[in-house]
Amino acid sequence: MTPDRPTATPDDVVGALRGRLVVSCQAREGEPLHGPAHMTAMALSALDGGAAGLRLEGPADVAAVRAVTGVPIIGLWKAGAAPVYITPTMDAVHAVADAGADIVAVDGTGRPRPDGSTFADVVRAVHGVPGRLVMADVATLAQGRAAEAAGADLVGSTLSGYTGPGRPPAGPDLTLVGELAAALSVPVVAEGRIATAEQAAEALLRGATTVVVGGAITRPASITARFAAALDSARTALVAQEGAR
């Protein structure tokens, strides 16, 4: 990896995000908003609304958004199948960093990476480029501790609820956010199922350095589905009321 642009210092990057909102702009392949052009427009809209940083998936989206803004970017690449799919190989790590991400987010759960690399390998590679940082996406406090010990610059609650059997809970794991903030010396990123402004504010109050919100802001299909479902329920109730008269 070789830097191809002036880079901010790690303190600059973290300082720009401290106490502020990061918006995750992602769209899956096959969705109407998938692709760099749409995600660039989404990212710029988020910045217009007051976001201080962005979380982007895939080198193409990272590069496209980097070309139009200098705000901190958390980059990742969802590749391959579970269990480890967030920037799962060294090739993916290099590609995300080369695309211009200030922070490279990777699976920090300690599960085996598909190419046999370790989290420590990721840290060495990313730290080889001035200004680049590593974010460990974890599911537990123990994983957060291990990631910090291995050199993570930031630790996120991103994977809480996604690594075990069953469906993830409906809300964010604010308990984990608080535990990580109390136990770690590196910045903690609150991320995962944060659906309301109140939850985002609570994450900050519990010690998060910054808060990432994604689907509640940038997934219009799921947002629309919530409203449509609420009206469906109301319509059913109205029909029932009419039938009872």
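Modeller: Start with Val 68. Neighbours within four places in sequence aside, Val 68 is in contact (heavy atoms within 4.5 Å) with Thr 40 and Leu 44. This is a predicted model, in which local features need pLDDT of at least 70, side-chain atom pairs count only at pLDDT 80 or more, and totals for chains, interfaces and linings use all residues. Numbering runs from 1 along each chain as its sequence is written, and side-chain values use heavy atoms, with hydrogens and water left out.

Val 68 sits in the loop between α3 and β3. Helices (H or I, at least four residues) and strands (E, at least two) are DSSP runs, numbered from the N terminus. The relative accessibility of Val 68 is 46%, so it counts as partly exposed. The scale is this: buried is under 20% relative accessible area, exposed is over 50%, partly exposed is in between, with a 1.4 Å probe and protein chains only. Thr 40 is 28 residues away from Val 68 along the chain, yet their C-alpha atoms are separated by 8.2 Å.

Helix α2 covers residues 36-48 and helix α3 covers residues 59-66. Their axes come within 9 Å and cross at roughly 50 degrees. Axes here are lines fitted to C-alpha atoms, for helices over the stretch in contact, and angles run from 0 to 180 degrees between N-to-C directions. Angles under 35 degrees count as roughly parallel, over 145 as roughly antiparallel, 65 to 115 as roughly perpendicular, and the rest as oblique. α2 and α3 are therefore oblique to each other. Their crossing is right-handed; that is, the near helix is turned clockwise from the far one by less than a right angle. From α2, Pro 36, Met 39, Thr 40 and Ala 43 take part. They meet Ala 60, Asp 61, Ala 64 and Val 65 of α3. By class, the α2 contact with α3 holds six nonpolar, one polar and one charged residues. Nonpolar covers Ala, Val, Leu, Ile, Met, Phe, Trp, Tyr, Cys and Pro; charged covers Asp, Glu, Lys and Arg; the others, Gly among them, are polar.

Now the other helix neighbour. The axes of α3 and α4 come within 8 Å and cross at roughly 15 degrees. That makes α3 roughly parallel to α4. This crossing, too, is right-handed. On the α3 side the contact uses Pro 59, Val 62, Ala 63 and Arg 66; on the α4 side, Ala 95, Val 96 and Ala 99. Six of these contact residues are nonpolar, none is polar and one is charged.

Next, the sheet. Eight strands close into a barrel with parallel pairing, in the order β1-β2-β3-β4-β5-β6-β7-β8. On average, neighbouring strands of this sheet are turned by 25 degrees against each other, direction ignored. α3 packs on the sheet, touching β2 and β3 (73-76), and its direction makes about 145 degrees with that of β2.

β2 (residues 53-57) is mostly covered, with five of its five residues buried. In a regular strand, side chains alternate between the two faces of the sheet. Gly 53, Arg 55 and Glu 57 lie on one side of β2, Leu 54 and Leu 56 on the other, and all are buried. β2 runs parallel to β1 (residues 21-25), joined by four bridges; strands pair if DSSP finds at least two bridges between them.

On to β3. β3 and β4 pair in the parallel sense over two bridges. Gly 75 stands opposite Val 104 of β4. Five of the five residues of β4 are buried, so β4 is largely enclosed by the rest of the structure.

Thr 87 lies in the loop between β3 and α4. Its phi is positive, about 45 degrees, although Thr 87 is not a glycine. Thr 87 is buried, at 0% relative accessible area.
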